[in-house]
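Biologist: I am new to this structure. Please take a close look at the salt bridges and walk me through them.

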Amino acid sequence: MQYNQSNISANNDIAIEVNNVRKRYRLFKFRNDRVKEAISLGRKIYHQEFWALDGISFSVTKGETIGILGRNGSGKSTLLQILASVMTETTGDVVVNGRVAALLELGAGFKPEFTGRENVILNGVIQGIPEKQMIEKIDEMREFADIGDFFDQPVGAYSTGMFVRLGFAAALSVEPDVLIIDEALGVGDVLFQEKCFMKIRELQQQGVTIIIVSHSGLIIERLCKRAIVLDKGNLLYCGNAVNAVDYYDSIMFSRDKTVVKNINNITHQTHEDNVNLNSLSKDDVLKEFLDAPYTGDLCVRRNSYNDNEVRFGNGNGEIIDYLILTDSSIDPKRIVSGEKIDIYIKFIEKNKMEEPSIGLGIFTHDGIMLCASNTSQKKMTLKPVEGKSIYICKLSFNCLLNEGNYFIHLGLTCRLDVNVIYYDMRRSIACINVEPTKKFEGLCDLDFKFTEVSNCLQ
Amino acid sequence: MLQRLFNFIFTIYQQRYLIKFLTKREFVSRYIGTLAGVLWAIIHPLFTIMVFWFIFSVGFKVTGPSEIPFLLYFVTGYAPWLMFSEVLIISTNGARGNLVLIKKTTFPSEVLPFVYMGAASITHAIFLIIIIMLMFFYSVPFSFYIVQVFYYYIVLCFFLIGLCWILSAANVFHRDVGQAIGIIINFWFWLTPIIWVKEIIPSNYQWLIFINPMTYIIEGYRKSLLYQESLFLDFPVTIYFLSLSALSFAMGALIYKRLKLEFADAI
């Protein structure tokens, strides 16, 4: 994997150069094993290897702000620790030009019995700034932290919010050439966050190279032009921040190992599929969906398919395909709020099913059920297509959802009795992303009608 | 190897402001939040000496060699020993105790033994001042040999630093080191002629106690303060001590420099 930006001209423009860096952790089952292995002088191996970083290469030009995205355990923190030279890489080279200030943890090393003022100075001195210079700047820091008289109180007496503010003030007081920020921007209240953003903008203008790690795509998109995506110690994407965030979202919702390994190819394919589909008309796609003979599970090829779905059921029937059509798109992953959506669901009878009922539910990413219903609730009886064992059902609704990621559950059940028989439940089979709309706030649009009272009276 | 050693020493030299600042903080943090504050730094040694005065002068009534009050004999040995044992024990737990700084910030942890040594030196200086006052009290004559104390203090530090680096790095990987050091120090105390007089060892075996490098320091303090002897008299022991210190310093520096890279992994 070569993601090096080869078009960087002169070498002295580079702030950070990471070349094929790998980091191995040795995992010991028992504490004593580390000693045993050391004593055996390599004759016996007690550890298991774990590669937290597996060949990462990228470079950052001076004054650039780069984002790092990745799930928990993807190697972000290890990478940052190596860049901050807190940790050493196992193989590969890292070159960092200039003074590095690392915000790996806000307020790391603050001594609770010392006051905020003393801790800020201490932090600066540890980072290599003479005490005098820190004392000159302390008022500026006090103003930035904005915690009033608590600045001269022991840090142990601080609330979490105050601690965070002080930590940020301390980190920014260092005036680094390279600033490394790990998850630090998500804390603090909105006003303080805004202040931090302003400060980062200021640093950007001063030509400070900044590396930001965040789980929030919004923050990355706001502050960085370029971002990299890490997963399981591999660098999966390096490029435009907006694309990187999209990319990150796509792997966030697909946790299958093999999929992640080949995700480059897969996104490539889906991209091509999209092109193909776009060249086809809606009717063609629908016809293809309706006429396709049963060849197994076709859901997996849908753009919105989530391979982290939870599937169970007795297998008497199987949901074999679905198709989402909107006013503007065919089989989309992203939907614009307010569009009319048609969802076609196709299922097959494998063994005898009694009164099959197909249902659909829409859930937010944190599991709130927005709406769910099924054909038996709507007093519908489904009939197979032309006497065969395949059933097709269409469902339409207006997408009145707010921006965000939503999961779709599909279920094929029998609800004749109080006890539901599950033929095929496919929870979170699809994940769709609804694009932002500015028309309302909240989860969904209840279509408020505003009328001026003077008009009502008329 | 020499190149690496000099680089390491140079990076420490670059951190001198940090050492100064951390020393101040380390010293203050011991007494922060107490009513008496820094006064404790004087109260502690003062009371320690008063307790020993009570034991040796009122209780046991022992006399030191050549008519020197035993209290003075003891305290002149005890002061450098206290400095030695305190710095060694605190430094051994130094790297581990500053885990957060090491893991989360770019912190040059190799300065820590210097910091602890600096803080302990303040207590040591107070101790020495009390000893000098005691010498007035017992009307022990003064001589210019007293400046030799500085020499012995500096070589003690030189010897200590290397040991501290080795132990502090080892303790990061094996906590047993931190546990064991207390016991070792305790043994070492009794092996060193601090509370006993070296004349009790038969003269054929005198060399045995000089294998112990701390004997050199402690006898050195006594020479400068009490016996008024020149440090050049025992030239072979001086050479032995200095080469031992140089060895421990170089080894300590190289070992620390190497193991430091793995600190964040191990803890």
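Modeller: Start with two residues: A:Arg302 and A:Asp331 are both buried. Keep in mind that this is a predicted model. The two residues form a salt bridge, and their closest N and O atoms are 3.9 Å apart.

Now turn to chain B. There, B:Arg222 and B:Glu219 meet through their side chains in a salt bridge of 3.1 Å, N to O. About one helical turn separates B:Arg222 and B:Glu219, because they are 3 residues apart in helix α11 (residues 213-227) of chain B. Both B:Arg222 and B:Glu219 are buried.

Salt bridges with shared partners join A:Glu288, A:Arg301, A:Arg302, A:Asp321 and A:Asp331 into one network.

Another pair lies in helix α2 (residues 16-31) of chain B: B:Glu26 and B:Arg30, 4 residues apart, about one turn of the helix. Their side chains form a salt bridge at 3.5 Å, N to O. B:Glu26 counts as buried because its relative accessibility is 13%, under the 20% cut-off. B:Arg30 has a relative accessible area of 27%, so it is partly exposed.

These pairs are examples from a longer list. Over all chains, a search of the whole structure finds 29 salt bridges.

Definitions and conventions: Residues are numbered from 1 along each chain as its sequence is written. Chains are lettered from A and ligands numbered from 1 in the order in which they are written. This is a predicted model: local features need pLDDT of at least 70, side-chain atom pairs count only at pLDDT 80 or more; totals for chains, interfaces and linings use all residues. Side-chain values use heavy atoms; hydrogens and water are left out. A salt bridge is a side-chain nitrogen of Lys or Arg within 4 Å of a carboxyl oxygen of Asp or Glu. Buried means under 20% relative accessible area, exposed over 50%, partly exposed in between (1.4 Å probe, protein chains only). Helices (H or I, at least four residues) and strands (E, at least two) are DSSP runs, numbered from the N terminus.
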